[in-house]
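Please look over the model below. A short report on its contacts, faces and spaces follows.

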Amino acid sequence: MHKPFLKQHGPHPFAQIVFFFAVWLLCYHTLAGGTLLAPNIYDSYSLQAQSWLTGRMDLETGAHYSWLELAIFDGRYYVSFPPLPSVVCLPFVALVGAASVPANLLCAIYLVCAAAGVYRAFCITGHSAEISTFWATALVFAGNGLELARMGGVWNQAQLLNLALCCWGVAAFFANRRSSSLFCFALAVGCRPFSALFLILTFLLFYRQDRLAGKSHYAFLQSLWPGLLGTALIAAVLMWYNFARFGSPFEFGHNFLPEFVQSTHGQFNLVYLWQNLCNIFRPVTLNSGLALQFPRFDGFLFLLANPVFIIFFIHLARPAPKPLQLLRQAAVAGFALNLLALCVHKTFGGWQFGARYTVDLLPYALLFLAREPQRPVRWWEKDLCAFGLLFNAFGSIYMMLDSRHFFR
């Protein structure tokens, strides 16, 4: 007679780490005053969803939200971010109203979904449940994602939903579910436009796979047509929405933020590249009282805030079997191009712990690490993961306490 599954194997390792994250979140929001189910004053996505329900694209009372990053165009106020998170908020707004959407909880759910995508990607590529759980922890919970999940501001919602969609897109890639993979990445563009790089990469990787297998161009396109159709429909909707608001299919609103309108070099320019690269390598220092000091604007050492990148770079430097070489090239190219695109942006994120934008680069690490042959997790990888968990837990609490002091 077989023992019950839980007695034989113990609790599922991924369920355990999600449980610990839930406990951490409850503890954090208890310190914050019981805010897990509370709305967030920086949740402009729910305001946009509310406008949709009244038949508007602009915010009717936009001028009253001076603390939000709103685009001003032809005297009207618009949410200046790609709109997909508002689609998620829409049913909540319809049920409880924009002022009651639990935006903080939504961010926590997005982070768990991202971890589930990482777990799924490692399982598909043959790794054990324990190893897959470790990498889900290292890639998602032991980095800036933990700090992002503390509050449901517009920036955090966009990045965490993007992370979740990209992680599931990579998982679908490994499962050879081509249409699902492209669909996830196309949706991610509705959160963070530079995720379009993943669409290009996966398309090229699928093409290379088929050519090496001797398949014709027709067979290749036939395997992708549902995904290409879905991608085209998503692109058409996003471009129509941009055009309807700002008269350009490629403008989602950021160029009409006052800070960029008034900037000499605009939102994107190569003159920002060097300074941003320097910023994301700024060290954390100690003051005379041995207290930690770190910048709150434009990022600090992103390898410290997301130590899984250290693991990623070490693995990249090692010899790789031939089947991995193409994925190595894709991961490096995507990482470098996305980082370059982020660094030519005027800012690198404000009022944050860590280099928040570099969270967008985590799925490139996943693309390479998940495909490596199964092996035990090394001691130094565990230590870096533990450090990332502790450091970002500290950062979450620090930013909460510092915000109270700064905004009082």
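In which helix is Phe394 found? Phe394 is found in helix H18. Helices (H or I, at least four residues) and strands (E, at least two) are DSSP runs, numbered from the N terminus.

This is a predicted model, in which local features need pLDDT of at least 70 and side-chain atom pairs count only at pLDDT 80 or more, while totals for chains, interfaces and linings use all residues. Residues are numbered from 1 along each chain as its sequence is written, and side-chain values use heavy atoms, with hydrogens and water left out.

**Surface**

Phe394 has 31% relative accessibility, so Phe394 counts as partly exposed. Buried means under 20% relative accessible area, exposed over 50%, and partly exposed in between (1.4 Å probe, protein chains only). Together with Leu286, Leu290 and Leu292, Phe394 makes a nonpolar surface patch of about 390 Å². Patches are made of residues with over 30% relative accessible area and no salt bridge; like charges are joined within 9 Å, and nonpolar side chains (Val, Leu, Ile, Met, Phe, Trp, Tyr) within 5 Å. Accessible areas come from the Shrake-Rupley method with a 1.4 Å probe, and for residues only the protein chains shown count as cover.

Trp274 is found in helix H13 (residues 273–279). Its relative accessibility is 64%, so Trp274 counts as exposed. The C-alpha atoms of Trp274 and Val344 are separated by 8.4 Å, and the two residues are 70 apart along the chain.

**Salt bridges**

The structure holds 6 salt bridges. A salt bridge is a side-chain nitrogen of Lys or Arg within 4 Å of a carboxyl oxygen of Asp or Glu. The table includes some of them.

| Pair | Closest N to O |
|---|---|
| Asp360 and Arg192 | 2.7 Å |
| Glu381 and Arg375 | 2.7 Å |

Why does the bridge of Asp360 and Arg192 tie together parts of the chain? Asp360 lies in the loop between helix H16 (322–343) and helix H17 (362–369), and Arg192 in the loop between helix H9 (178–189) and helix H10 (196–212), so the pair joins parts 168 residues apart in sequence. Both Asp360 and Arg192 are buried.

Asp402 sits in helix H18 (residues 379–407) and Arg296 in the loop between strand E4 (292–293) and helix H14 (302–305), so this pair ties together parts 106 residues apart in sequence. Asp402 counts as buried because its relative accessibility is 15%. Arg296, at 24%, counts as partly exposed. Glu381 is at 0% relative accessibility, so Glu381 counts as buried.

In helix H15 (residues 308–317), Val308, Phe309, Ile311, Phe312, His315 and Leu316 are buried. Seen down the axis of H15, they fall within an arc of 155 degrees, so they line one face of the helix. The arc is that of the directions from the helix axis to the C-beta atoms.

The structure holds 1 cavity of 30 Å³ or more. The largest cavity has about 70 Å³ of space. Its lining includes His315 and Arg375. On a 1 Å grid over the protein atoms alone, a cavity is a set of points where a 1.4 Å probe fits but cannot get out; lining residues have an atom within 4 Å of a point. Grid points are joined across faces, edges and corners, and a volume is the space filled by probe spheres set on the points.

How values were computed. On a 1 Å grid over the protein atoms alone, a cavity is a set of points where a 1.4 Å probe fits but cannot get out, and a pocket is an open set with protein on both sides within 12 Å along at least five of seven lines; lining residues have an atom within 4 Å of a point.
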